[in-house]
Amino acid sequence: EPDQLKHFVAAIEKLREIEEARAGQVDTGFIETAISRRIFAVCRRAFLRRKIVFIWGESQIGKTTALLAGYKPRHNHGETVYVRMPTGGSLDSFLRELAEVLGIPTGNRGEDLRRRIISSFDDRMLLIVDEVHECLSEHYSAKRGMRTLNFLREIHDRRNCGIVLSATNVFRDAMLRGPHARNLRQLWLRGMTPLQLPDRPCKA
């Protein structure tokens with residue numbers, strides 16, 4: 001039909017305009033800053049010492065960019081595993097997310113999936129978990145998030161790998177002074193000195 005062909009051609013032209021506009025944008029790539037260098041240093045320390053370390057800071061301070069676009073590409077080849085905590089921080093959702101990152105079929109369920117994920121790590125690896133504050137979000141049951149945090153502690157204990165947990169200050173406050181602080185004490189005691197980032201980037 002002529003009308004269908006006309007709409008099809010119009011759609012192609014519209015797509016071409018969008019792609020040409022995107023191609024004209026300048027991609028500056030990752031720019032190293034004083035904050036990212038501090039993040040790199042604490043990640044490397046967690047890897048070398050095979051410890052857990054917390055990175056705390058406000059949203060939009062540059063945590064994710066430094067971890068995903070900066071640190072991970074420089075320490076790749078199986079050494080660094082980066083995963084983002086799903087909304088709500090439930091263990092089932094996190095297991096599926098981590099399984100996809102590790103290339104493990106998500107058809108596996110329950111203990112088998114947990115076992116395969118744990119077996120994927122060793123003392124020559126660093127696990128970076130971003131947006132960890134989702135585990136203690138006020139909008140979801142904190143008990144679900146506690147199971148996820150305990151699973152991360154299990155990975156560290158059984159496989160002796162370094163773990164970086166990146167979160168907002170909301171997680172810091174909940175972990176140190178919230179209603180589940182006592183239950184999180186075991187995780188806290190396995191950590192090195194946390195990295196507290198400033199509320200906003202400095203002028204440099």
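## Getting started

A residue is called buried here when its relative accessible area is under 20%, and exposed when that figure is over 50%. Keep those two cut-offs in mind as you look around this model, which is a predicted one.

Let's begin with α7, the helix running over 169–177. Asn 169, Phe 171 and Met 175 are buried in α7. If you look down the axis of α7, its buried residues fall within an arc of 150°, so they line one face of the helix.

What does the face turned away from the buried side of α7 carry? There you'll find the exposed residues Val 170 and Arg 177.

## The cores

Now for the inside. The largest nonpolar core is made of 35 residues, and Ile 117 and Leu 127 have the most contacts within it. Quite a list of elements gives two or more residues to this core: the strands β1 (52–56), β2, β3 (126–130) and β4 (162–167), along with the helices α4, α5 (110–119), α6 (142–159) and α7.

## A glycine tucked in a loop

Between β2 (80–84) and α4 (91–102) there is a loop, and Gly 88 lies in it. Is Gly 88 buried or exposed? Its relative accessibility is 1%, so Gly 88 counts as buried.

In sequence, Gly 88 and Leu 136 are 48 residues apart, yet in space their C-alpha atoms are 8.0 Å apart.

## Two residues with positive phi

Gln 60 sits in the loop between β1 and α3 (63–74). Its phi is near 70°, a positive value in a residue that isn't glycine. Gln 60 has a relative accessible area of 79%, so it is exposed.

His 77 belongs to the loop between α3 and β2. His 77 isn't a glycine either, but its phi is positive, at about 60°. With 83% relative accessibility, His 77 counts as exposed.

Technical notes:
Residues are numbered from 1 along each chain as its sequence is written. This is a predicted model: local features need pLDDT of at least 70, side-chain atom pairs count only at pLDDT 80 or more; totals for chains, interfaces and linings use all residues. Side-chain values use heavy atoms; hydrogens and water are left out. Helices (H or I, at least four residues) and strands (E, at least two) are DSSP runs, numbered from the N terminus. Buried means under 20% relative accessible area, exposed over 50%, partly exposed in between (1.4 Å probe, protein chains only). A nonpolar core is a set of buried Ala, Val, Leu, Ile, Met, Phe, Trp, Tyr and Cys residues joined through side-chain atoms within 4.5 Å. The arc is that of the directions from the helix axis to the C-beta atoms.
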